[in-house]
Structures are given as structure tokens and as C-alpha cells.
Amino acid sequence: MAAVRLHHREAGEGTRPLVLLHGLFGSAANWMGIARQLAPEWRIVVPDLRNHGRSFHDPDVSYPALAGDVRALLDALGIERAVLVGHSMGGKTAMWLALTAPERVERLVVVDSAPIGSASSVAGTLTDLAAVDVAALPDRAAVDAALAAAVPAQRVRDYLLQNLVRHDGRWRWRMNVPALLEGIDAIRGWPEPPGGARYLGPTLFLHGGESGYVQPAHEPLIRALFPYARFRSVPGAGHWVYADRPAEFLAALRAFLA
């Protein structure tokens with residue numbers, strides 16, 4: 001059996017595998033509330049993607065590399081086919097795996113992401129994180145205060161501070177900030193799929209009603225790659241759909257999976 005490179009969590013009492021993939025700055029922990037709700041019905045696998053959480057660091061942040069890691073994890077766990085649910089960066093990772101290894105993907109759920117480049121402000125956030133010398137600060141509150149001017153939204157800072165850990169008596173970011181900053185154009189972008197690549201399985205694009213990541217103008221491009229795509233908006237949800245409206249997110253997910 002192949003070695004497991006991605007740190008991951010498993011849960012569930014079911015036999016059908018379902019893999020939950022987090023977004024940029026995230027980790028497996030982001031999905032655990034949803035995983036607990038789905039556990040009675042599914043075999044849940046929730047990895048930390050490379051450069052995030054407890055997984056390894058690597059300068060290659062491309063979607064072919066991220067999708068290759070997930071495929072290797074499926075191999076290591078003896079999973080032939082799985083349902084993939086990916087948010088944001090995790091959604092692009094899931095889409096790439098579905099396009100390049102469709103036989104491994106039973107169904108696909110893309111959460112607030114699309115197969116296009118994005119003009120999001122995450123590069124500025126990474127620059128702000130890199131500028132804070134967290135090792136010199138005494139506690140989490142001091143790091144929070146140091147980020148406050150650049151990242152005024154407390155909810156966003158709380159999300160980022162989940163990545164702050166104590167190591168050898170000093171604070172550090174668990175995620176690989178230098179590699180993510182260096183590769184941010186690849187993360188925000190979308191590579192050209194192999195010629196003729198399409199995923200013909202059931203696909204749901206589930207997006208926040210208050211988010212602009214998935215727009216009606218994207219539909220022709222999405223359908224060219226995912227001909228059986230369905231679209232569903234979650235009213236009142238922003239980019240973090242499953243955190244903003246967890247009950248509505250779960251209802252939409254379960255309806256599609258049924």
C-alpha cells in the first residue's frame with residue numbers, strides 16, 4: 001500500500017467514501033462540524049492539503065500537484081472512487097482531479113468556486129501575514145492586534161489565527177506562508193485542462209448567494225468541462241457557505257447526494 005503523505009482525519013460509519021477538501025488558509029478542522037453530521041451515512045476523509053495544517057510543505061502549489069496528493073491519498077487508503085466536496089481552493093483541486101482522473105470521482109461538489117482565475121485579495125492577506133514577526137510576539141492576542149489594521153474583520157482574523165501554533169517556545173504559522181505567497185497567482189488562477197478533458201459525472205456547483213465567486217457568466221465555461229453540472233445558491237451565505245449557513249448547506253448537499 002502507498003505511503004500516506006497528507007495528514008488527514010477519518011470519521012463515519014458508512015462505507016461510501018466522501019472526501020472534504022478545505023480552501024486557502026484552511027485545514028481539515030474547518031470541515032469537522034459538517035463531517036460529524038454526515039458521519040452516520042458516509043466514510044468521511046478530511047485531509048490537510050499540502051502547505052496547510054499538519055501536511056508537508058512544498059514550493060509547488062499548482063492544482064495538478066494538489067490533485068495528485070488527493071489521488072495518492074485515495075490510493076493509500078484503498079479507495080477506488082469517492083465523492084469529492086471541495087471549497088474554494090479545495091474546489092479547484094477537486095475539479096482538476098475529476099477532469100484528469102474521472103474514474104476516481106463518483107460525484108463532485110464544488111463549493112463557491114469555478115474553473116476560472118479569480119481576482120481575490122488573498123495576495124494582500126498573505127503579504128500581511130508575512131510582515132508580522134509572530135515569533136517575536138508574546139501571545140495570540142498580540143498577533144491578533146498586529147493583524148488588526150491590515151485585516152479589520154475579526155471573523156477573518158479568527159480564521160487566520162487557527163493557523164497559529166506554538167513551536168519551541170515561539171509562535172509560527174502552521175501553513176507555508178512563503179510558498180503560498182510565491183505561488184498565489186497559481187492558486188488564484190486555473191490551469192488549462194488537458195485537451196478534451198471533461199467530467200461526465202453528477203456535479204453540483206453550490207455557492208453563496210452573497211458571494212461573487214460563481215456568476216451566471218461562468219455557466220458556459222463550467223458546462224463545457226462539466227456537462228451535467230447543476231447550480232444551487234444558498235441565500236444569505238458568503239464565500240464560506242458551510243460556515244455561514246450550515247443547515248442550508250447540508251440540506252442542499254444531502255439532496256444532491258441522494
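Me: Before we look at loops, what counts as a helix or a strand here?
Reply: Helices (at least four residues) and strands (at least two) are DSSP runs, numbered from the N terminus. In this predicted model, Asn 51 is found in the loop between strand E3 (43-47) and helix H2 (63-76).

Me: Thanks! What is the phi of Asn 51 near?
Reply: Here is the general idea: most residues other than glycine have a negative phi. Asn 51 is a residue other than glycine, yet its phi is positive, near 70°.

Me: Is Asn 51 buried or exposed? And is Asp 168 buried or exposed?
Reply: Buried means under 20% relative accessible area, and exposed means over 50%. Asn 51 has 0%, so it is buried, whereas Asp 168 has 72% and is therefore exposed.

Me: Now the helices: at what angle do H2 and H3 pack?
Reply: The angle is about 70°, and the axes are 8 Å apart. Angles of 65 to 115 degrees count as roughly perpendicular, so H2 is roughly perpendicular to H3.

Me: Which residues of H2 and H3 meet?
Reply: From H2 they include Tyr 63, Leu 66, Ala 67 and Val 70, and among their partners in H3 are Thr 93 and Trp 96. By class, this contact has 9 nonpolar, 1 polar and 2 charged residues.

Me: What is Thr 93 in contact with, leaving aside neighbours within four places in sequence?
Reply: Thr 93 touches Leu 21, Leu 49, Tyr 63, Leu 66, Ala 67 and Val 70. Thr 93 is also buried, at 1% relative accessible area.

Technical notes. Residues are numbered from 1 along each chain as its sequence is written. This is a predicted model: local features need pLDDT of at least 70, side-chain atom pairs count only at pLDDT 80 or more; totals for chains, interfaces and linings use all residues. Side-chain values use heavy atoms; hydrogens and water are left out. Buried means under 20% relative accessible area, exposed over 50%, partly exposed in between (1.4 Å probe, protein chains only). Contact means heavy atoms within 4.5 Å. Axes are lines fitted to C-alpha atoms, for helices over the stretch in contact, and angles run from 0 to 180 degrees between N-to-C directions. Angles under 35 degrees count as roughly parallel, over 145 as roughly antiparallel, 65 to 115 as roughly perpendicular and the rest as oblique. Ala, Val, Leu, Ile, Met, Phe, Trp, Tyr, Cys and Pro count as nonpolar, Asp, Glu, Lys and Arg as charged, and the others, Gly among them, as polar.
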